[in-house]
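Please work through the exercises below with the sequence and the structure open beside you, and try each task before you read its solution.

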Amino acid sequence: RGHGAEAAGDMLMESDGYLAMQIVPTLLIAGLGLVSAGVLLDVVQHWDVFTHVTELFILVPTLLGLKGNLEMTLASRLSTEANRGSLDEMGSARRLILANMALMQVQATGVAATAAVVSVVLGVLFHRTESGHVEHNWDHTLLLIASSIATAALSSAALGTVMCAVVVGSRRCHMNPDNIAAPIAASFGDLVTLAALAYISSLLYGSPHTKWLSVGCIVLFVALLPLHTHAALRHDSTRPVLRSGWSPILVAMAISSAGGIVLERFVTVYESLAVLVPVLNGIGGNVSCIQASRVSTALHLRSTASHRRAGILLVCLVLPIHLLFLFCIHFTGMGHTTISFVFVFSYMLAAMAQVALLMVVTVPLVKFVWSQGADPDNVVLPYITAFGDVLGTALLALCFTLLHALGYVRQQVPAVPTPGD
């Protein structure tokens, strides 16, 4: 254990070149996942279930944000434990991983149900008939809850397994998992979760027995909760998270819901948003989560390593990575907007503003949470990603609105609908 902590301290002192060698490939791989998620959202937004159950557009960023939080906090916790040497012994590693997987199932089921209910409520508040009456369909409500819970549970099992393998593999290869695990968790988490949500909701919507299939799905996953709860309570590291780790995730959900409302209002106006929002939000969230995870590990190890240099390097890497994926989207025909110099400049301005604000708040927030006796691995990442999602979506919507006013972007409809429409 002592040798592992000493080695981790050395990892936090990487040179700029060694740090970039670990981070750049990770961000590129993560970017592929983000672009794929954007392309998938661009495709599924035209499916019958999305056009008829429009609350799914509110659910998408909320559920993706919540699931991303669970996966990134798992990655951050395991990265810290790996750097402390807790995963070096096979028996303790197995117990720690199984307890964290069970914890993730409990959290995923809870937050997925909550996210679906919030999406329904927001949909009721913002969807009214011309006479002012509330539009509501109980079959759609059950479909949203069932799709959300099933998606969260199944994708958590798959992604949790991948994240455990990434952290353990990074440790075996003498690489710092703080630089690798969180971006992969966030990016491929979005792709897998969105794909699962789209297909599960489509299957339920296309069935003649939507209501009863939805109810059965909900009952099945809720019935598994006692088993997962018991497993999570048996380990010392997951017991306190299960009891007191809900607040950051639920507050982050409330913040992310604002991004969902913005996306729902603008995605039918500017079609390209569906492709670009996951990329912009994901890359900005990834670099800030790398920084947060590194600072958290340093605090756990009582390391005095400086984080300013790593933060500057991360911000500098954002520009070329965004440019690369922006032009990949354009040249492969995945977007619906002509790429001009003005468009690229506006997009990059929004991207740099987002990541700059995120990096400004990340280190002080981690240190503040640590000073209050809480574990930043379980608290900070949900707030950072939720704030980044809302900020990125709002900045990109503003960017498209200004470009439309200047004649560089076309609208699909004459104007953004108002809540009373």
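The structure is a predicted model, in which local features need a pLDDT of at least 70 and side-chain atom pairs count only at pLDDT 80 or more, while totals for chains, interfaces and linings use all residues. Residues are numbered from 1 along each chain as its sequence is written, and side-chain values use heavy atoms, with hydrogens and water left out.

**Exercise 1.** Find out where in the protein confidence is lowest and where it is highest.

Solution. Begin with pLDDT, which is the predictor's confidence in each residue, from 0 to 100. The protein averages 80, and 87% of the residues score at least 70. Next, go through the helices, which are DSSP runs of H or I with at least four residues, numbered from the N terminus: confidence is lowest in helix α1 (residues 2-11), with a mean of 48, and highest in helix α9 (residues 225-233), at 92. The pLDDT is below 50 over residues 1-9, a stretch that has twelve contacts in the model beyond near neighbours in sequence, where contact means heavy atoms within 4.5 Å. It is also below 50 over residues 413-421, and that stretch has 13 such contacts. Where pLDDT is low, the predicted coordinates should not be read in detail.

**Exercise 2.** Decide whether Thr 80 is buried or exposed, and list its contacts.

Solution. First locate Thr 80 in helix α4, which covers residues 55-83. Its relative accessible area is 2%, so Thr 80 is buried (buried means under 20%, exposed over 50%, and partly exposed in between, with a 1.4 Å probe and protein chains only). Then leave aside the neighbours within four places in sequence, and Thr 80 is in contact with Ser 296, Thr 297, His 300 and Asp 377.

**Exercise 3.** Determine whether Ser 371 is buried or exposed, and state which backbone oxygen lies 2.6 Å from its side chain.

Solution. Ser 371 is found in helix α14 (residues 341-371). With a relative accessibility of 51%, Ser 371 counts as exposed. The backbone oxygen is that of Phe 368, which lies 2.6 Å from a polar atom of the Ser 371 side chain.

Terms used. Helix = DSSP H or I, 4+ residues; strand = E, 2+ residues; numbered from the N terminus. Polar contact = N/O pair within 3.5 Å; in protein donor to acceptor, adjacent residues only side chain to side chain.
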